[in-house]
Amino acid sequence: LGEENGQATANRTRALLHAMFNKAADWGWDGKNPVSGVKRFREVSRERFVQPHELPAFFAALNAEGNDTLRDFFLTCILTGARRANVMSMRWADLDLKRREWLILDTKAGTPHRLPLPTAAVKVLEGRKRVGEWVFPGKGATGHLVEPKTGWKRILERSGMKDLRIHDLRRSLGSHMAAGGASLPIIGKALQ
């Protein structure tokens, strides 16, 4: 699996299988966890974010994006530092643009989080048409944007960046906050 699908995929699969067999044992399965002896691949943590000198090309590529939904989605990602899944499933009902707040109900931690919205993000959101419940509507079964890879690829090609991932936009906000002198607790709260 590591050779054909990548070492990170193999590590995630190993962790899932390990947890499944442990749960089966909790439920009475009488067998050895076959994953116990399988070692994880060593992973190098990713530290990529949009560098200050890359910002003009990145924002120019975003502004040139013909799909307004994707352009505004990526802008909201970098301006809020929120996880892409949360931004994709953003509902109008969870936004209070007058108070500049977004209530994220479904967080990774499992507890709701009220995120203050920067002025630039409020302007992007105010410019969106309110059609249905989703801020970033999509054509699939969920009703909201699900997979922005094609648009992301276009933006990377226009900007000249090759190794940037959508999740790196989240890391970019934290890095720029730190460079601007924000304290670690403030950065942590923003990226919760």
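User: How do strand 2 and strand 3 pair, and over how many bridges?

Analyst: This is a predicted model, where local features need pLDDT of at least 70, side-chain atom pairs count only at pLDDT 80 or more, and totals for chains, interfaces and linings use all residues. Residues are numbered from 1 along each chain as its sequence is written, and side-chain values use heavy atoms, with hydrogens and water left out. Strands are DSSP runs of E with at least two residues, numbered from the N terminus, and two of them pair if DSSP finds at least two bridges between them. Strand 2 covers residues 101-104, and its pairing with strand 3 is antiparallel, over four bridges.

User: Which residue of strand 3 does Ile104 stand opposite?

Analyst: Strand 3 runs over residues 113-116, with Arg114 and Pro116 on its uncovered face. His113 and Leu115 make up the covered face. The one opposite Ile104 is His113.

User: Okay, rings now: how are Phe21 and Trp29 arranged, and what is the angle between the planes?

Analyst: Rings of Phe, Tyr and Trp (its six-membered ring) pair if their centres lie within 6.5 Å; planes under 30 degrees apart are stacked, over 60 edge-to-face, and the rest tilted. The whole structure has six such aromatic pairs. Phe21 and Trp29 sit 5.4 Å centre to centre and are tilted, at 50 degrees.

Definitions and conventions
Buried means under 20% relative accessible area, exposed over 50%, partly exposed in between (1.4 Å probe, protein chains only).
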